[in-house]
Amino acid sequence: MSPADASAPGLSRLLYVDDDPTLTVLTRISLERVGGFTVKTCASGVEALEVIDAFAPDLVLLDVMMPGLNGFEVCERIKANPDTYLIPVIMITALSDKHDRLEGIKVGADDCLSRPVDRTELLARVRSLLKLKQRTDELERAESVLFTLARSIEGKDPYTHGHCERLSEYSARLGEHLGLGEGQLIALRRAGVVHDVGKIAVPDAILLKPGALTADEWELIKEHPVVGERICAPLKSFRFVLPIIRHHHEKFDGSGYPDGLRGESIPITARVLQIVDVYDALTTDRPYKRAFSITDALQTMKQEVAKSWWDPHIFDQFERLVRSGAANFLARGAAAGAGG
């Protein structure tokens, strides 16, 4: 097919990797003429990895037995790369050994077929995985829209430039130090970016007001965690992010908002984000203050912990990270804010 055909919207692109030229031709004809797909082929694992970067296939079919990098090694590299790990991979092997199927599962293959491959089964498996890939792509686009919206809100205020990225990084590092699970760490990275997305419902005149807020204005500000949760709720992949968005302004003594939660009833991920959110606010310039030094910021936070605002254990671990020098990224962030 021509390059124009390959880029046509809605036309799925497949990469078929096999060092047998006869099987390659036959499989390509089947996939293109019967399946209606755009198919690119190559004969080695090394070439396959290069083609994936340039061709961006929607699905990869991999022969197991190839010279150089075998199919298992190629699959493992695809699934280890953040830019390609969501691409479905079907392993094709002439071996029926259970060990090979288990190895395919181990390296992240989405499906496995044995030779000789039945054409009808091949097309059915490919179409099934492509439907799943389409839904994943739609989810990624929805997440991308939310992240763009969150950054556009941040961009209105020059004093909060980079705030989302810093919170995403700081909170994940602290969560990792605390031994949180992988799902919680992913939620913290996402929440760092979108935690204030609900501020889209707050007028700029209030968000950027240099002076004190009125009681009515403050009540409107306090609604943003609820609004943010509502905006992100349709995304099932955000189910662990939603509690962070809603509760990142709660306080350990129950005096926070929107629900007045106290102590450990506040989700631990929200308590982690709180700590780094306060730290970032203190160590960057704002309209009402100059950036604090790291020492002054930690001292101020220690006083707030004494008032029972923040989780004392999480703050203690955060302070240890900063003072130990194991969190140089925090020092860099503070220096950037102070340099304004």
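These questions and answers cover the fold and surface of a predicted model.

Student: How many helices and strands does the secondary structure of the protein chain come to?
Tutor: Start with the overall inventory. The protein chain is built from both element types. The tally is 16 helices and five strands.

Student: In what order do the five strands of the open sheet lie?
Tutor: The sheet is open, and its pairing is parallel. Strand 2 (38–42) and strand 5 (111–114) are the edge strands, as each pairs on one side only. From one strand to the next, the twist averages 20 degrees. The order is 2-1-3-4-5.

Student: What is the bridge partner of methionine 91 in strand 5?
Tutor: Strand 4 covers residues 89–93. Strand 4 pairs with strand 5 over four bridges, in the parallel sense. Within strand 5, methionine 91 is partnered by cysteine 112.

Student: What angle does the direction of helix 2 make with that of strand 2?
Tutor: Helix 2 (residues 21–34) packs on the sheet. Helix 2 touches strand 1 (13–17), strand 2 and strand 3 (59–63). With the direction of strand 2, the helix direction makes about 165 degrees.

Student: What share of the contacts with a separation of 6 or more comes from residues 24 or more positions apart?
Tutor: Contact here means heavy atoms within 4.5 Å. For the protein chain, the share from residues 24 or more positions apart is 63%.

Student: How much of the accessible surface belongs to carbon and sulfur atoms?
Tutor: Burial comes first: 46% of the 340 residues count as buried, with the cut-off under 20% relative accessible area. The accessible surface of the chain comes to about 17000 Å². Carbon and sulfur atoms hold 54%.

Technical notes. Residues numbered from 1 in each chain as written. Predicted model: local features only at pLDDT ≥ 70, side-chain atom pairs only at ≥ 80, totals over all residues. Heavy atoms only, no water. Pairing = 2+ DSSP bridges. Helix = DSSP H or I, 4+ residues; strand = E, 2+ residues; numbered from the N terminus. Axes fitted to C-alpha atoms, helices over the stretch in contact; angles between N-to-C directions. Buried < 20%, exposed > 50% of the residue type's maximum accessible area, 1.4 Å probe, protein only. Areas by Shrake-Rupley, 256 points an atom, 1.4 Å probe, with all protein chains shown as cover.
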